[in-house]
Every structure is written in structure tokens, then in C-alpha cells.
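This report describes selected features of the structure shown below.

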Amino acid sequence: MSDTTHTNTGFFRAISAQSAGVALELDHVTKQYPGQPAPAVEDFSMSIRPGELVMFVGPSGCGKTTTMKMVNRLIEPTSGSIRIDGKDVLSLDPNELRRHVGYVIQQIGLFPHRTIAENIATVPKMLGWKKDRIADRVDELLRTVQLDPSIFANRYPRQLSGGQQQRAGVARALAADPPVMLMDEPFGATDPITRERLQAEFLRLQAEIGKTIIFVTHDFDEAIRMGDRIAVLSERSHIEQFDTPARILASPANDYVTSFIGQGAAIKRLALMPISDAALGPAVSGGPRIPVTGSLRDALDLIVLSGAERITVTDPDGKAMGSIDHAAISHVLGTSAPASASGPESAVAP
Amino acid sequence: MDTSFKWSRFINFLAQRWDEVLELAAQHLAVVAISLAFALVIGILIGALVWNRPIGRATALSAAGIAITIPSLAVLALLSPLLGLGWGPSIVALAFYALLPIIRNTVVGLREVPSQIVESARGMGIGRTRILVTTQLPIAWPVIMAGVRVSAQMTVGIAAIAAYVAGPGLGQYIFTGLSSMGSFNAVNYALTGTVATIILALLIDAAFILVARATTSKGLRA
């Protein structure tokens with residue numbers, strides 16, 4: 001007993017030290033609720049690389065949230081194993097485990113009777129951090145999620161807007177710098193404009209912190225925008241396809257995935273491709289100009305909007321470096337589909 | 001002898017017994033405070049144990065509901081062979097009556113705590129008992145305090161009846177008055193006991209409004 005406790009303390013110290021994300025593996029995980037004819041999650045296997053943001057997309061009731069909650073043992077798996085940085089989570093104390101796995105839910109769940117600073121300090125306090133260190137950390141996190149500490153630290157949750165509360169929720173989940181984050185439709189309850197801003201902010205943040213993240217959503221467009229890889233899930237958390245957004249859009253594995261992508265798959269793909277993917281024609285004089293850092297969708301948008309046959313592509317300094325037309329854009333879509341089918345990551349993970 | 005009520009005589013009566021009235025009021029306050037303290041601890045404990053268990057909850061609430069319908073005089077009479085006279089049976093009886101509103105409001109208050117708050121607390125690795133003490137009870141606190149206020153009012157009234165088993169408090173004046181009806185100071189006794197009880201009840205209620213405010217997080221105030 002004391003032996004395992006000792007090892008676990010060491011393990012938590014080790015994963016805390018490498019807060020930038022660790023490998024996460026789910027191995028033949030099944031959840032069968034007693035009295036239910038079919039399991040909620042059946043034989044789910046996936047391996048997630050350190051620092052990867054994996055989106056679970058699927059209709060409500062498909063088991064995606066159940067799958068996610070087994071990682072921090074809010075739901076105990078019936079069989080199978082889940083490993084964080086190679087260590088089976090079932091061998092760890094559940095509460096200790098959860099203090100090292102960030103958890104954000106749609107309804108946020110901030111403590112209404114505690115200030116924002118106290119909310120964020122929850123886990124560090126349980127971990128026995130010194131007061132100064134906690135105060136510094138709270139300050140740092142509030143800045144990270146773009147809430148001014150001098151304004152928000154001593155406010156109560158009800159004094160914040162929905163978007164601000166969600167930022168505070170993310171800050172609270174990040175408090176002890178957990179290497180793994182679980183996010184359950186975190187931006188689902190916000191209005192579309194706030195949601196897009198939160199998504200963009202979170203992507204910027206993730207680029208810095210590089211956590212290993214499971215992000216559950218039922219919004220496929222959110223999955224495309226945010227995910228390094230997307231797992232499209234159906235009943236019993238069955239993986240229909242697990243691949244990068246671009247490859248899922250280019251070659252959906254089956255009709256189920258196609259139906260999930262919905263209308264406008266080509267346009268969605270273009271949004272993920274930089275203009276530099278296209279073969280540029282010779283520079284033309286005059287007409288609309290677009291920076292090469294934009295996406296092909298931006299380029300198409302400008303062509304449609306301006307009515308020009310060909311638009312000028314400029315380098316970051318604003319100098320013309322070539323031009324692009326409708327045909328060049330279509331050509332990119334045509335060539336990228338077959339190429340991806342044999343891509344190294346297109347296979348469903350074991 | 002003229003035994004009808006006269007203001008001048010009543011003022012005179014008060015002036016002579018002012019110290020005793022204050023002493024009785026202090027006793028009354030003490031017996032209410034002690035009973036409430038017991039009821040608060042026991043009531044919150046029972047409420048916290050049953051709020052999430054349908055059968056336990058129904059049992060506790062109906063038992064407390066039935067208990068409250070037993071006439072207080074009967075409870076006091078039943079308790080005195082066991083506990084004798086004076087403070088003992090008074091405190092037990094009062095705590096007994098104070099329980100229902102506290103249990104009921106603890107249950108209601110805990111049920112009203114949004115489940116996502118408890119879930120996010122669990123997700124952060126806080127243990128069940130700790131969540132109850134540091135999160136659920138503080139959030140339910142305004143509702144629990146509303147129950148305590150009701151209990152306090154009931155207890156002040158019933159404490160007056162505890163004088164029947166020689167309990168402490170202003171009930172002694174009321175009973176003295178009632179048992180000596182027709183005598184010179186009968187009405188003065190009864191009136192003093194009754195009015196002082198009402199004033200005490202109002203003061204205690206005002207105090208509880210302040211206490212509830214002071215002990216409720218600013219984040220929970222509407």
C-alpha cells in the first residue's frame with residue numbers, strides 16, 4: 001500500500017514536471033452500465049500523442065462524454081485500460097489523478113460562493129502550494145485567459161459574463177498546470193461570436209502550452225477549426241474515422257462521416273489550406289490582392305466577391321508574388337484527395 | 001379588591017419587577033439559543049445524510065412533520081418523567097420542534113445546488129465529504145438559514161409553554177398570571193410575559209436576518 005502511494009506521488013511529480021502534455025492511451029475500453037442491453041462505450045482504443053488536441057465529435061448520446069470521463073475516472077471503465085504517460089489510471093488514487101487532469105465542462109461549474117481568484121486557487125491549494133506561489137499563479141492565469149486580475153480576481157462568478165466565466169473556467173482547469181485536459185463542449189453554451197473568439201483564444205493558448213487534450217463537441221465545424229485530429233464517433237463510441245480535419249474532409253471513411261461533415265465539404269477544406277498550396281500563375285497588374293498567408297477559402301471568397309478572373313497574391317511585405325484563379329483552387333482540391341488516402345495517419349488508430 | 005387592569009398599576013408592576021423580567025428574558029433567550037444550536041447540528045447532519053436518498057428523505061421529512069403535530073404540552077409532560085423538570089426537558093422539547101424546518105430546508109437547499117458545480121468539484125479531485133462541507137453546504141446556506149429563522153420563531157413561542165415543566169423563561173410569568181386569575185397582579189403577569197415574548201421573538205428574527213447576511217457569501221446574494 002505505502003509502496004504504491006510512494007510510486008504514485010513520484011508519478012504525479014513526474015507528469016507535473018512535464019506539464020507540456022504527455023501521451024494518452026485508451027486500450028479496449030468498455031463501459032457497460034448494469035441493466036442496459038448494450039454497452040455505452042464498446043471496445044474503444046485510441047492513442048493520443050503528447051501535446052495533441054483530439055476532438056471527439058458525434059451526436060448526443062453516442063458515448064463521447066462517457067469515454068472522456070473515464071480518463072479522469074469520473075466514470076469507471078468496466079474493462080480495458082487507460083494510460084497517461086504509460087501509467088494505468090486505475091492504479092492511481094482517483095482524487096489525486098483528477099487534480100492532475102484539467103477538466104472543463106459546458107456549464108463551467110464555477111463555485112458561486114467563491115471569488116474568481118479563489119476558484120482558480122482550488123487545486124493548487126489542495127496540492128499544498130505556498131500562498132505566494134498560488135497568488136502568482138492566479139495572476140498569471142488570469143492574464144493568460146485575458147481577464148485583468150485587478151478587475152476580476154476579487155469578483156464573484158455571477159458578476160462575469162458567460163464568456164468571461166468560461167475563460168475563468170479554463171484558467172481554473174489550468175491552475176496546477178496539468179499535462180492532460182478534458183474539455184466537454186466548453187464553448188457550447190456561448191453565443192456564436194463569443195464562441196469563435198474563445199476558440200481562437202484557446203488555440204493561441206494551446207500553441208503555447210501544448211497540453212494533451214480531449215475536446216468533446218457535437219459541432220463538426222468547431223472540430224475542424226480546433227482539432228489536430230478528429231475522431232468521428234457513432235453509437236457506443238464506435239470510431240468511424242480518426243484523422244486530421246483536412247483528410248477527413250477530403251476522404252470521409254463512410255456515409256456516416258459524410259453525413260456528419262454536412263454541406264460544403266469542399267469549402268470547409270479550402271478554409272484549412274494555405275494559398276501557398278496552390279500553383280500560382282504569373283503576377284497580373286492591378287485588380288484585387290490577397291496576402292499569401294490567407295487560406296484558399298479567403299482567395300475563393302475574394303474571386304467570387306470581386307468577379308475578377310484572377311487575383312494577385314502578395315507576400316508578407318505586400319509585394320506581388322503571383323496570381324491565383326478559380327481553376328488553380330479547384331486543382332488543389334482535386335489533387336489533395338487521392339494523395340491523402342494513402343497518408344501515414346489516415347488509418348484508424350489501433 | 002379591584003382586580004381590573006389599570007395602566008398606572010401595570011407601569012408600577014413593571015418598574016418593581018424590571019430586573020426579574022430581564023432575567024427571565026435572558027433565560028428565555030438562552031434556552032432558545034441552546035435548543036437551536038442542537039437542532040442546527042442534528043438537523044443539518046440528518047439533512048445532509050438524506051437529501052440525495054429518496055427513501056431516507058421521505059422518512060426523515062414525514063417523521064419530522066408528524067413530530068411537529070404533537071402538542072408541545074404533551075411532549076413536555078412525556079419528557080419530564082425521563083428528564084425531570086427545568087432546563088433538561090425544555091431544551092430537548094424545543095430542539096425536537098426546531099428540527100423540522102432545519103431538516104426540510106437543508107434538504108431543499110442541497111437539492112438546489114446545481115449538479116454541474118458538484119461535478120466540476122469532483123473533476124478537480126475534491127473528495128465527497130469535502131465537497132459537501134466546502135461547496136454544497138455554503139451554497140445551500142441561505143436556504144438553511146431561512147429554515148433556522150422559522151425554527152427560532154417557533155422555539156420562542158414553545159419555550160413559553162416550557163414553564164409548565166418549570167422550564168426557564170418568560171413562560172413563568174404567563175403561567176403565574178394564568179394560575180392566579182382574579183388576583184391583584186394576574187393580568188399584569190400574563191401581559192408582561194406575553195408582550196416580552198413577542199418582543200424577544202422580533203429581536204431574534206432581526207438578529208437572524210443580520211447573521212444570515214453576514215454568514216452568506218457575497219457571491220450568493222441576489
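**Contact between chains**

How many residues does the contact take from chain A, and how many from chain B? In this predicted model, chain A contributes 20 residues and chain B contributes 17 residues. On the side of chain A that touches chain B, at least two residues come from each of α3 (94–98), β6 (101–105) and α5 (122–126) of chain A.

The residues on that side of chain A comprise nine nonpolar, six polar and five charged.

**Strand β3 of chain A**

Strand β3 of chain A spans residues 53–57 and is mostly covered, with five of its five residues buried. Leu53(A), Met55(A) and Val57(A) point one way from the strand, whereas Val54(A) and Phe56(A) point the other way. Both sets of residues are buried. Each of these residues therefore has 20 or more other C-beta atoms within 10 Å of its own.

Two strands of chain A pair with β3(A). With strand β8 (residues 212–217) of chain A, the pairing is parallel and extends over five bridges. With strand β9 (residues 229–234) of chain A, the pairing is also parallel and is made by four bridges.

**Helices α13 and α14 of chain A**

Helix α13 (residues 265–272) of chain A and helix α14 (residues 296–306) of chain A have axes that come within 5 Å and cross at roughly 115 degrees. From α13(A), the contact is made by Ile267(A), Leu270(A) and Ala271(A); from α14(A), by Leu296(A), Arg297(A) and Leu300(A). Five of the residues in this contact are nonpolar, none is polar and one is charged.

**Confidence in the model**

The mean pLDDT of chain A is 87, and 91% of the residues score at least 70. Among the elements of chain A, helix α4 (residues 116–120) has the highest mean pLDDT, 96, and helix α1 (residues 2–17) has the lowest, 60.

Two stretches of chain A call for separate mention. Over residues 1–6 of chain A, pLDDT stays under 50, and the model has one contact beyond four places in sequence for this stretch. Over residues 336–350 of chain A, pLDDT is also below 50; that stretch has 22 contacts in the model beyond near neighbours in sequence.

Notes
Residues numbered from 1 in each chain as written. Chains lettered and ligands numbered in written order. Predicted model: local features only at pLDDT ≥ 70, side-chain atom pairs only at ≥ 80, totals over all residues. Axes fitted to C-alpha atoms, helices over the stretch in contact; angles between N-to-C directions. Contact = placed C-beta atoms within 7 Å. Nonpolar A, V, L, I, M, F, W, Y, C, P; charged D, E, K, R; others polar. Buried ≥ 20, exposed ≤ 12 C-beta atoms within 10 Å, placed from the backbone. Pairing = 2+ DSSP bridges. pLDDT = per-residue confidence, 0-100.
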